[in-house]
Amino acid sequence: MPQAMWRSEVRMDSLETFVVESAIDSEQEFYRKIIEDNLASLKLAPAIGRIKVVLKPEDSLFQMAIILRDVGTKVTTIDIADVESKPVAGEVVISIKKEQYIPELLVKLWERYGKANISQPDRWTVTISTDKPAEEAAFIKEMMVADPRHRLHENLVDFAIRATPEGFRVRYHLYKGNHFVFVASEEALKREWIEEAGAMLDELTEGGEK
């Protein structure tokens, strides 16, 4: 007979559904707290709509299914800054409005123009030396600075690994559209475990467990 499963279903402020199941009551509470802490530390809660985690200690198995909210579109320079060409000075001046994207913006600019041609006289201003300021200003305005989905993918994998029990180093994950599935174990993964995680995702998609 299948072992009884303890279940915790709570609603965090930004989550529609948050379910953790385990055959061991104390383990279920322990991992629910770990998941909550890591959602907070990685600031992932706003991106996640529904999440279900199942722990099966008898199989050394950890399964997670997540349905994401709309994670936004790609960010271009014009979304985060004003860009102005200075033909006489031979410069393009970028006046930054959203500080959180400065690291990504600088990496993109260094790759295209080289560090020697870029200066940052203050925190909010970047100046580029170029002999084609108007042409480069037009390019920079439409240049993609960040892709939220790429960053989210990395954070989801990091989050899942942090939530996984120690020693579960055999892992599988799938990130497609607004769906994320993660399975981990100490042993070689079975196809049925991945299929079960897919079924968990279907339950969440339908709005809750039947």
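Predicted model: local features only at pLDDT ≥ 70, side-chain atom pairs only at ≥ 80, totals over all residues.

How much space lies in the largest pocket? The largest pocket holds about 460 Å³ of space, where a pocket is an open set of points on a 1 Å grid over the protein atoms alone at which a 1.4 Å probe fits, with protein on both sides within 12 Å along at least five of seven lines, and where the volume is the space filled by probe spheres set on the points, joined across faces, edges and corners. Its lining, meaning the residues with an atom within 4 Å of a point, comprises 20 residues, of which Asp147, Pro148, Arg151, Leu152 and Asn155 are the closest to the centre. The elements that contribute two or more residues to this lining are H3, strand S10 (144–146) and helix H5 (148–163), with H5 giving the largest share, 6 residues.

Residues are numbered from 1 along each chain as its sequence is written, and side-chain values use heavy atoms, with hydrogens and water left out. The elements named here are DSSP runs numbered from the N terminus, helices being H or I with at least four residues and strands being E with at least two.

The sheet can be taken next. An open sheet is formed by 4 strands in the order S6-S7-S9-S8, with antiparallel pairing; two strands count as paired if DSSP finds at least two bridges between them. Strand S6 (81–86) and strand S8 (118–122) stand at the edges with a single partner strand each, so one side of each is left without a neighbour in the sheet. From one strand to the next, the twist averages 20°, angles being taken from 0 to 180 degrees between the N-to-C directions of axes, which are lines fitted to C-alpha atoms, for helices over the stretch in contact.

The hairpin of S6 and S7 has 4 residues between the strands, and Gly90 in the turn has a positive phi of about 70°. S8 and S9, for their part, pair in the antiparallel sense over 3 bridges, with Ile128 in S9 as the bridge partner of Ile118, and their hairpin has 2 residues between the strands.

Helix H3 (residues 102–113) lies across S7, S8 and strand S9 (125–129) and runs at about 145° to S8. Helix H4 (residues 133–142) packs on the sheet as well, touching S6, S7 and S9, and its direction makes about 165° with that of S6.

The 17 residues of H1 (residues 25–41) should span 24 Å at 1.5 Å a residue, and the end C-alpha atoms are 25 Å apart, which agrees; the expected span is 1.5 Å times one less than the number of residues. Tyr31, which is found in H1, is buried with a relative accessible area of 10%, where buried means under 20%, exposed over 50% and partly exposed in between, for a 1.4 Å probe and protein chains only. Leaving aside neighbours within four places in sequence, Tyr31 is in contact (heavy atoms within 4.5 Å) with Leu55, Ala163 and Pro165.

Most residues other than glycine have a negative phi. Lys43, in the loop between H1 and strand S3 (48–56), has a positive phi of about 55° although it is not a glycine, and counts as exposed at 67% relative accessibility. Ser60, in the loop between S3 and strand S4 (61–68), has a positive phi near 50°, but Ser60 is buried, with a relative accessible area of 16%.

Finally, Leu204 is found in helix H6 (residues 191–205) and counts as buried at 4% relative accessibility. Beyond its neighbours within four places in sequence, Leu204 is in contact with Thr17, Arg50, Ile51, Lys52, Ala65, Ile66 and Ile67. Leu204 and Lys52 are 152 residues apart in sequence and 7.7 Å apart in space, C-alpha to C-alpha.
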